[in-house]
Amino acid sequence: MMNEEQIQSLHNDGVVVDQDGEKVGKVGQVYLEDSTGEPAWVTVKTGLFGTSESFVPLQGATVQDQEVRVPYTKDQVKDAPRVEEDGHISVQEERELFSYYGGRDGQKNANNGAPATRDQEDTRTGTTSRTDTGTGMTDRTDTAAGADGTGRGTYDTDSDASMVRSEEQLNVGTEKVTTGKARLRKYVVTEHVTKTVPVQREEVRIEREPLDKQDRDRLSGADLAEDEQEVTLTEDQVVVDKETVPVEEVRLDTDTVTEEQQVSDEVRKEQIDTDLPDQHRNH
């Protein structure tokens with residue numbers, strides 16, 4: 001009889017192997033007899049990704065660490081009658097399972113695992129329930145709940161014939177980052193400027209004009225004498241002056257330019273494949 005520690009160990013990555021030591025699949029649940037509390041059945045996940053579960057009786061099985069060795073072949077376990085996931089095992093379902101595996105003594109039939117006939121009625125009155133995966137505690141089913149007096153704990157979600165496929169999606173957005181600063185700075189430079197300016201000056205020019213007869217008659221009789229006349233001469237002189245005047249206003253402004261960039265990255269996604277029996281492959 002398995003103890004609670006062994007049952008908990010099986011729920012944590014336990015495996016079922018056949019009579020030849022070949023792995024059949026992972027342990028799904030361990031079911032206990034309600035009347036005695038002893039382990040009665042173990043479910044094993046078979047098929048691709050463990051999408052199917054088969055019931056195997058624990059009578060005649062041995063447990064070592066996280067491995068349950070059952071006295072049946074791998075094909076026998078995979079081909080065992082399927083029990084509907086309705087939350088209960090009826091008397092008829094258990095009868096079919098016991099008959100298939102060769103009776104309640106856990107021995108194989110002489111015809112190498114083919115279903116055998118079981119004429120006698122099963123007088124067992126206890127119920128069978130699974131141990132909870134998280135705690136190892138027994139989830140009892142009320143014998144009054146079913147007319148047949150035999151029950152089974154509810155399957156966990158791992159035994160549903162469905163799975164969720166997930167994939168990564170690439171979400172691309174933008175954010176503003178600082179790329180640099182632009183500033184205005186004013187400084188003084190000196191440059192040489194040359195300009196041409198017109199200037200004027202006065203020069204003395206001597207002009208001689210003969211006197212006509214009338215002027216000679218008017219000036220005749222005058223004594224000789226000394227005389228002096230003066231003329232003021234002028235000229236333009238260049239005067240340089242400087243003044244500061246505003247000439248232009250310079251400011252900084254920004255323009256927004258839109259362009260397109262391609263972003264590439266790797267994303268992962270899950271693929272789901274099926275492993276179907278040969279008779280269902282073309283349907």
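This is a short tour of a predicted model, going from the whole chain to its core and then to one serine.

**Whole chain.** Of the 283 residues, 28% are buried. The chain exposes about 23,100 Å², with carbon and sulfur atoms supplying 44% of that area. Among contacts between residues at least 6 apart in sequence, 60% join residues at least 24 apart.

**Largest nonpolar core.** Next select Val16, Val30, Val42, Val56, Val77 and Tyr101. These residues have the most contacts inside the largest nonpolar core, which has 19 residues. Now show helix H1 (4–11), strand E2 (23–33), strand E3 (39–46) and helix H3 (91–101): each supplies at least two residues of this core. The largest share, four residues, comes from E2. A second, separate core has seven residues, including Tyr31, Ala40, Trp41 and Leu97. In soluble globular proteins, nonpolar side chains tend to be buried together.

**Valine 77.** Select valine 77 and look around it. Leaving out residues up to four places away in sequence, valine 77 touches Val24, Val44, Ser54, Val56, Tyr72 and Tyr101.

**Serine 54.** Move to serine 54, in strand E4 (residues 52–57). Is serine 54 buried or exposed? Its relative accessible area is 1%, under the 20% cut-off, so serine 54 is buried. What does its side chain reach at 3.1 Å? The answer is the backbone oxygen of valine 77. Finally, show the residues that serine 54 touches, again leaving out those up to four places away in sequence: Val42, Thr43, Val44, Thr46, Val77, Lys78 and Arg82.

Terms used:
Residues are numbered from 1 along each chain as its sequence is written. This is a predicted model: local features need pLDDT of at least 70, side-chain atom pairs count only at pLDDT 80 or more; totals for chains, interfaces and linings use all residues. Side-chain values use heavy atoms; hydrogens and water are left out. A nonpolar core is a set of buried Ala, Val, Leu, Ile, Met, Phe, Trp, Tyr and Cys residues joined through side-chain atoms within 4.5 Å. Buried means under 20% relative accessible area, exposed over 50%, partly exposed in between (1.4 Å probe, protein chains only). Contact means heavy atoms within 4.5 Å. A polar contact is a pair of N or O atoms within 3.5 Å; within protein, one must be able to donate a hydrogen and the other to accept it, and residues adjacent in sequence count only if both atoms are side-chain atoms. Accessible areas come from the Shrake-Rupley method with a 1.4 Å probe; for residues, only the protein chains shown count as cover.
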